[in-house]
Amino acid sequence: QVQLVESGGGLVQAGGSLILTCVASGSISAFLNMGWYRQAPGKERELVATISTFGRTNYADSVKGRFTISRDNAKNTVYLHMNLLKPEDTGVYSCTATRVGGNDWGQGTQVTVSS
């Protein structure tokens, strides 16, 4: 199982930006997809963005045009560039690696966007 470590969360004012980083203990190229999910207090966890081994990306409608997922295979790292942040973006953001047989998850990093 791959270990995933997220960082970069914090407190930001609405309209601001953050960059989340996910560092994997192994090659991210070995997984079908890498991605980010988020969960707000009292709400269901939702998909934010994914990126495949081929570089194809997918975004939740709520973040399209504001967030960008990218990867650096040489560094075994996935990023989430978050721009024009809104209070509704607040939540715990978790990195995931999709493999045959299931997903691996990081511990999550808190993102809080103030009004």
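Analyst: Two strands count as paired if DSSP finds at least two bridges between them. This model is predicted. In it, strands S1 and S3 run antiparallel and are joined by four bridges.

User: Which residue of S3 stands opposite serine 7?

Analyst: Serine 7 faces threonine 21 in S3.

User: How many bridges join S3 and S8, and in which sense do they pair?

Analyst: S3 and S8 pair over six bridges, in the antiparallel sense.

User: How many disulfides does a search of the whole structure find?

Analyst: The search finds one disulfide. A pair of cysteine sulfur atoms has to lie within 2.5 Å to count. Cysteine 22 and cysteine 95 meet this, with their sulfur atoms 2.1 Å apart. The angle about the S-S bond is -80°, and the link of cysteine 22 and cysteine 95 is left-handed.

User: Which parts does the pair of cysteine 22 and cysteine 95 tie together?

Analyst: Cysteine 22 belongs to strand S3 (residues 18-24) and cysteine 95 to strand S9 (residues 91-99), so the pair ties together parts that are 73 residues apart in sequence.

User: Is cysteine 22 buried or exposed, and is cysteine 95 buried or exposed?

Analyst: The cut-off for buried is under 20% relative accessible area. Cysteine 22 has 1% and is therefore buried. Cysteine 95, at 0% relative accessibility, also counts as buried. Strand S3 as a whole is mostly covered, with five of its seven residues buried.

User: How many residues does the largest nonpolar core have, and which have the most contacts inside it?

Analyst: The general idea is that nonpolar side chains tend to be buried together in soluble globular proteins. Here the largest nonpolar core has 28 residues. Those with the most contacts inside this core are Met34, Trp36, Leu80, Met82 and Tyr93. At least two core residues come from each of S3, strand S4 (33-39), strand S5 (46-52), S7, strand S8 (77-82), S9 and strand S11 (109-114). S3 gives the largest share of this core, four residues.

User: Over which rings does the charged end of arginine 45 sit?

Analyst: To be read as sitting over a ring, the CZ atom of Arg must be within 6 Å of the ring centre and within 35 degrees of the ring normal. The charged end of arginine 45 sits over the ring of tryptophan 105, 3.8 Å from its centre. The charged end of arginine 45 also sits over the ring of tyrosine 37, at 5.8 Å from the centre of that ring.

User: Where does arginine 45 lie?

Analyst: Arginine 45 is in the loop between S4 and S5. With a relative accessible area of 43%, arginine 45 is partly exposed. The C-alpha atoms of arginine 45 and arginine 66 are separated by 19 Å, while the two residues are 21 apart along the chain.

User: Is glutamate 44 buried or exposed?

Analyst: Glutamate 44 is exposed, at a relative accessible area of 71%. This residue, glutamate 44, also lies in the loop between S4 and S5. Between the C-alpha atoms of glutamate 44 and glycine 15 the separation is 24 Å, for residues 29 apart along the chain.

User: What is the phi of asparagine 76, and what is the phi of leucine 84?

Analyst: As background, most residues other than glycine have a negative phi. Asparagine 76 has a phi near 50°, a positive value in a residue other than glycine. The phi of leucine 84 is also positive and near 50°.

User: Where is the place of asparagine 76, and where is that of leucine 84?

Analyst: Asparagine 76 is in the loop between S7 and S8. Leucine 84 is in the loop between S8 and S9. With 53% relative accessibility, leucine 84 counts as exposed.

Methods: Residues numbered from 1 in each chain as written. Predicted model: local features only at pLDDT ≥ 70, side-chain atom pairs only at ≥ 80, totals over all residues. Heavy atoms only, no water. Buried < 20%, exposed > 50% of the residue type's maximum accessible area, 1.4 Å probe, protein only. Core = buried A, V, L, I, M, F, W, Y, C linked by side-chain atoms within 4.5 Å.
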